[in-house]
Amino acid sequence: MNCSPATGTAVTRTGKPTTAGSHANLLPTSPLAASSLHLPRLPPPPPLSCSDHAPVPAATSTLSRNPTTATLHPSDDSLSSMSPREQTALLSRQRHWRRAHDLFDRLRALPSYAPNPVHYSVLLRHLARAHRWPELGRIWLRMSRDDAVPPSNPAYAALADALAKAGLAQESLLLLLHMRARGVSPDEVSMNTFVRILKNNGRYSDALILFSNWCDGRFDVEFLHLEYRAVDFHGPMKFLLDDMSHEKLDSAGALGIEEVPSRKPKLVVTYNTMIDLYGKAGRLKDALDMFLDMLAYQVMPDIYTFNSMINVFGSHGSIEEAEVLLANMLVRGITPDIRTFNVLMTVFASVGDVEGVLRYYRQIGRTGLCADAVSYRIMLQVLCERKMVHEAEDVIEGIMKSGTGVHEQSIPVVMKMYIDQGLLDKANAFFERHCRGAEVSSRNYAAIMDAYAEKCLWEEAEHIFHCDRGAGGKRDIVEYNVMVKAYGLAKHYDRVTPLLENMKGSSISPDECTYNSLIQMFSVGGFPQRAKKLLRKMKDTGFKPACETYSAVIRSYSHNSLVSEAIDLYNEMKASAVEPNVVVYGLLIDMFAETGEVDKALHYSNLMEESGIIPNHIILTSIIKAYSKVNCWKEAQIFYARMRNMDGGPDIIASNTMLNLYAKLGMVFEAKAIFDSLTRNNQADDVSYITMMFLYKNMGLLSESINIAHKLQDSGLLSDCAAYNAVMACYVAKGNLRECAELVQKMVEDSIFPDASMFRMIFSAMNKVNISSEEVLQLESAYNDGRSSAKHAILAFLFSMAGMHATALNICEQLLKPELAIDPCAYNVAFKVYASCGEVDKAFSLFTQMHALGLKPDTVTYIHLSTCYGISGMSEAMRRINGLLAYRNSEFSKSLHNALVSFRESGNNDLAAQLLVKKC
């Protein structure tokens, strides 16, 4: 039922009226903490019965509220004994237009029957609701001709209301012309009906004028611009044209209509309509005045009045006033109905107040009401949007226990919650339970598919698209459009062709959205020629591509360096009377900026300004880039200074472009000024720091470069390999292995694994410090051969040589897991790490394991083994390793020298000295 806004009661703004009596428990309790929220299990809604229909007038004493067949189809004697009011009630309660028509014919056949305009009104309403336009026309003519009952206000109101509800609002308003021609001035009921029709169609100003004219005693409809010429001569209103000639309609004017004194409405439904009208028009003060006028004219507000007032003020953000209205309603003895709570829940949901929604949801159960489909829909919308999965599932369980199902509009909302949370199994189970065999509209299927598409889950979206819809379930064009989007986001362009063939086989023609989606997909995917072909087809079909459509194709041409094609499309766009916007000009300007064609970039910049578009930050940045390409720093400075005078000043891209230009030209002072400004304003990004690092490094200012590198490392801006590599280059230039190792450790901790450039710099750093060439060469060889354990072995070696033994040991433990197969190089690194850490027993065990696996020790292996012997003071073993290396004619390595030194320091000075002298 349509509840109009309610007017009045003495609403005070100083506080809520106190409540008493039986209604005290209806007031909202104080909000609970989020952790204590609990969703109650509400009783199921009662089954539909005749009591859900419109109430029967009290005078209908002979008819029960649940009529049997006998009471709905009484005998002729019973009909004769009824009063006209009882006959009207019986006619109103017929459930089928044919039965109503038959009953009306029986009434007319009664000897004592007198033609009754109200009976005609009721029958006209039945016929209009059933869209029985030919029968309606015949009844209308019979009323005015055979029974000599001229159309009255009840007939006009009933017919207008039924036509509007049948989607024929414009035709219903034409009855106003017919009324004027007949000299029938609207009474309050018919006036309210036409005002409501105008309101429901968004014609708020016209509705207010019609009401104001009626209050002033005038019947004027010229402002509505109604014409019979707009009526379909073969449509439902044909009987009006047959009823009166055009001459009469045009000349009747206001015949028989006299102006009456000013008047005020007396019916509560009129006030309800006007309050709702003022609310929808955003005129809250007028709505409140209308509400207060009711009491002044002794028209008592009803439940619909208060519901409408609560909705009006709540929907405009006046939540406190809405709750005051609820309290005032209770004081007046009006018990809230389910719509009252639904309105309040909607109001709190609109401002994101979950606790407020739940508070009034609980009130439904406390007042003995049953949540209806709207209540559940509001709850699911709120809970699902906030990803409150368990709470939403509680509500769904309550819905199922009530004997109803989840409302169709709530199904995509629940599905999106599951999909966004990655609960795909639950999403699939929910779909199978609530959509299979159910009457779900194509639009809601599309919404479900779109939720999958946004997560690039094209297979799941495809499953929904192809699922069995049951009898009568057809796919609408919107589903095909969503599938185009799904394939585009997942970059599965090859699947689009079968989709379009399916569309053609289903006799569904692409709409404007289809073409736009396809053009956007192929443009983003790097297929500008296919996008252009679709653009041409779109135009041939009769659609006019928008500026955004052209922009997508031009962007694709630009990214693929197809300059002439982009210009041709720009000219075609202009020839088609589609004005380019700032995005199109920006693409063209940036395209020429990338190639350093400054003149052409400036040409399109001038064209843009001539068309009235003011250059934004992006445009000016592109021009600065163009000048930067050709090292024109003075001209770039001019545009950069222009950006300083704009709101927000230069953006980071423009500033970095200037930094890069100054860095290329070695202009340290100018670059430092911009960089210092960026850091002061917390605008500097990783590109800003890296540019300054390379500027200082290239100018030989290594200390300043290292200083910037430290600041970048501490800034938290290191987020990718490129940034880490830039810092690493500075540390390698300085030759500090510890700093290099710590940077790599941070990189790994940030889940960014070193790339090829980083490994090259690691090797370079190793070669600059006291590390044997044999070890470095072996690591490089393993890396270049692509051995699976090489990268981790290199990192372990780096950390060990930098003195970060715990980190090195951790990597070795991972490398030596039984399930992993490693090569001799990795074993050698493990030897090195264990020996450096004093873990000699583990090193020896590793050598035994290596021998058991059939891996032959190489020179590096023996060097590390000699280190272990030296640390352990094992002189005989040391002597054998020395002889073996001599036999292999191995070059005296730094590592072996260090092993002998370690052996000597362990207390075996004589033997160590002999070996050292011998090697020398």
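Leaving aside its neighbours within four places in sequence, which residues is Thr 88 in contact with? The first close-up has the answer, and the others move on through this predicted model.

**View 1. Thr 88 and its contacts.** Start at helix H3, which covers residues 84–92 and holds Thr 88. Once neighbours within four places in sequence are set aside, Thr 88 is in contact with Val 118, His 119 and Val 122. Is Thr 88 buried or exposed? Its relative accessibility is 16%, so it counts as buried, the cut-off being under 20%.

**View 2. The whole protein, for orientation.** Step back for a moment and you'll find 51 helices and zero strands. Of the 920 residues in the protein, 47% are buried. Now take the contacts between residues at least 6 apart in sequence: 67% of them join residues at least 24 apart. The protein exposes about 43,500 Å², and 51% of that comes from carbon and sulfur atoms.

**View 3. Ser 507, in a loop between two helices.** Here we're looking at the loop that runs between helix H27 (496–505) and helix H28 (512–524), where Ser 507 sits. Its phi is near 60 degrees, a positive value in a residue other than glycine. Ser 507 has a relative accessibility of 68%, so it counts as exposed.

**View 4. H28 packed with H30.** Stay with H28 and bring in helix H30, residues 547–559. As a reminder of what to look for, two packed helices are described by the angle between their axes and the distance between the axes. For H28 and H30 the angle is about 15 degrees, and the axes are 9 Å apart. That makes the two helices, H28 and H30, roughly parallel. Their crossing is left-handed. On the H28 side, the contact is made by Asn 516, Ile 519, Gln 520, Phe 522 and Ser 523, while H30 brings Thr 549, Ala 552, Val 553 and Ser 556. Sorted by class, the contact of H28 with H30 has four nonpolar residues, five polar ones and no charged ones.

**View 5. Asn 682, in another loop.** Now find the loop between helix H37 (668–680) and helix H38 (686–698), which is the place of Asn 682. Asn 682 is not a glycine, yet its phi is positive, at about 55 degrees. How exposed is Asn 682? Its relative accessible area is 70%, and Asn 682 is exposed.

**View 6. H41 packed with H42.** This pair consists of helix H41 (residues 737–749) and helix H42 (residues 756–767), with an angle of about 155 degrees and axes 10 Å apart. H41 and H42 are therefore roughly antiparallel to each other. H41 passes H42 in a left-handed crossing. Look for Leu 737, Cys 740, Val 744 and Met 747 in H41, which meet Met 758, Ile 762, Ala 765 and Met 766 in H42. What classes of residue make up the contact of H41 with H42? There are eight nonpolar residues, no polar ones and no charged ones.

**View 7. Arg 760 and Glu 780.** We finish on H42, this time with Arg 760, which is found in that helix. Arg 760 counts as exposed because its relative accessibility is 52%, and the cut-off is over 50%. Arg 760 and Glu 780 are 20 residues apart along the chain, and their C-alpha atoms are separated by 8.8 Å.

Note on methods
Residues are numbered from 1 along each chain as its sequence is written. This is a predicted model: local features need pLDDT of at least 70, side-chain atom pairs count only at pLDDT 80 or more; totals for chains, interfaces and linings use all residues. Side-chain values use heavy atoms; hydrogens and water are left out. Helices (H or I, at least four residues) and strands (E, at least two) are DSSP runs, numbered from the N terminus. Buried means under 20% relative accessible area, exposed over 50%, partly exposed in between (1.4 Å probe, protein chains only). Contact means heavy atoms within 4.5 Å. Accessible areas come from the Shrake-Rupley method with a 1.4 Å probe; for residues, only the protein chains shown count as cover. Axes are lines fitted to C-alpha atoms, for helices over the stretch in contact, and angles run from 0 to 180 degrees between N-to-C directions. Angles under 35 degrees count as roughly parallel, over 145 as roughly antiparallel, 65 to 115 as roughly perpendicular and the rest as oblique. A crossing is left-handed if the near helix is turned anticlockwise from the far one by less than a right angle, and right-handed if clockwise. Ala, Val, Leu, Ile, Met, Phe, Trp, Tyr, Cys and Pro count as nonpolar, Asp, Glu, Lys and Arg as charged, and the others, Gly among them, as polar.
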